[in-house]
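Please read the report below alongside the sequence and the coordinates. It moves from the overall fold to the nonpolar core and then to the charged side chains.

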Amino acid sequence: MPHFILEYTDNLKEEGNIPELLGKVNAYLMERGDVFPIGGIRSRAIELKDYRIADGKEDDAFVHAMLKIGTGRTKEEKQSVGDELFRIMKEHFADLYEKRYLALSFEIAEFTNGTYKQNNIHKRFK
């Protein structure tokens, strides 16, 4: 952990530069090696083709992101990371936000019942 999962409407594919956003997210999460192990960082994007927004009369778009994390981070750490990731998203989409109807949202989901994992990538970062 952490896993950053981005859902975005397909009408953003051309101008949204989603791979660049994922790079920005990973770069920031790696800077926060004090909070998250680098070998556990994952980011991915899911392009949505079937969706409806509001009344469906405009070419509305949305981006929703979730950061899935394990337990053990303080409230302050989660707040700090959440604030920065949402800032990165807003900055990344600022030009599109000015040009079109666009909804951005972000949430943090903390696993409280544990997860099952096997990962040998961590060895590279010790």
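The sections that follow describe the fold, the core and the salt bridges in turn.

## Basis of the description

This is a predicted model, in which local features need pLDDT of at least 70 and side-chain atom pairs count only at pLDDT 80 or more, whereas totals for chains, interfaces and linings use all residues. Residues are numbered from 1 along each chain as its sequence is written, and side-chain values use heavy atoms, with hydrogens and water left out.

## Overall fold

The protein has four helices and four strands, which follow one another from the N terminus in the order β-α-α-β-β-α-α-β; helices (H or I, at least four residues) and strands (E, at least two) are DSSP runs, numbered from the N terminus. The C-alpha trace spans about 50 × 30 × 25 Å along its principal axes.

Among the contacts with a separation of 6 or more, 82% join residues 24 or more positions apart, a contact being defined by heavy atoms within 4.5 Å. Of the 126 residues, 37% count as buried, where buried means under 20% relative accessible area, exposed over 50%, and partly exposed in between (1.4 Å probe, protein chains only). The protein exposes about 8000 Å², of which carbon and sulfur atoms supply 48%; these accessible areas come from the Shrake-Rupley method with a 1.4 Å probe, and for residues only the protein chains shown count as cover.

## Nonpolar core

The largest nonpolar core holds 27 residues, and those with the most contacts inside it are F4, L6, L29, V63, L67 and L85. Two or more residues of this core come from each of strand 1 (3-9), helix 2, strand 3 (61-70), helix 3 and strand 4 (102-111), with helix 2 giving the most, six residues. Such a core is a set of buried Ala, Val, Leu, Ile, Met, Phe, Trp, Tyr and Cys residues joined through side-chain atoms within 4.5 Å.

Leaving aside residues up to four places away in sequence, L67 touches a set of residues that includes P2, H3, F4, L29, F36, V81, L85, F106 and I108.

## Charges and salt bridges

The protein carries 20 positive and 22 negative charges, whose mean positions are 8 Å apart. Lys and Arg count as positive and Asp and Glu as negative, while His and the chain ends are not counted; the place of a charge is taken as NZ of Lys, CZ of Arg, CG of Asp or CD of Glu. A search of the whole structure finds nine salt bridges, each being a side-chain nitrogen of Lys or Arg within 4 Å of a carboxyl oxygen of Asp or Glu.

One of these salt bridges joins K99 and E15 (2.7 Å, N to O). Because K99 lies in helix 4 (residues 94-99) and E15 in helix 1 (residues 13-16), the pair ties together parts that are 84 residues apart in sequence. K99 counts as exposed at 58% relative accessibility, and E15 is partly exposed at 48%.

Within helix 2 (residues 18-31), K24 and E20 lie four residues apart, about one turn of the helix, and they form a salt bridge with their closest N and O atoms 3.2 Å apart. K24 is partly exposed at 29% relative accessibility, as is E20 at 38%. In helix 3 (residues 75-92), E91 and R87 are also four residues apart, about one helical turn, and their side chains meet in a salt bridge (2.8 Å, N to O); E91 counts as exposed at 53%, R87 as partly exposed at 36%. Finally, a network of salt bridges links K13, E47 and K49.
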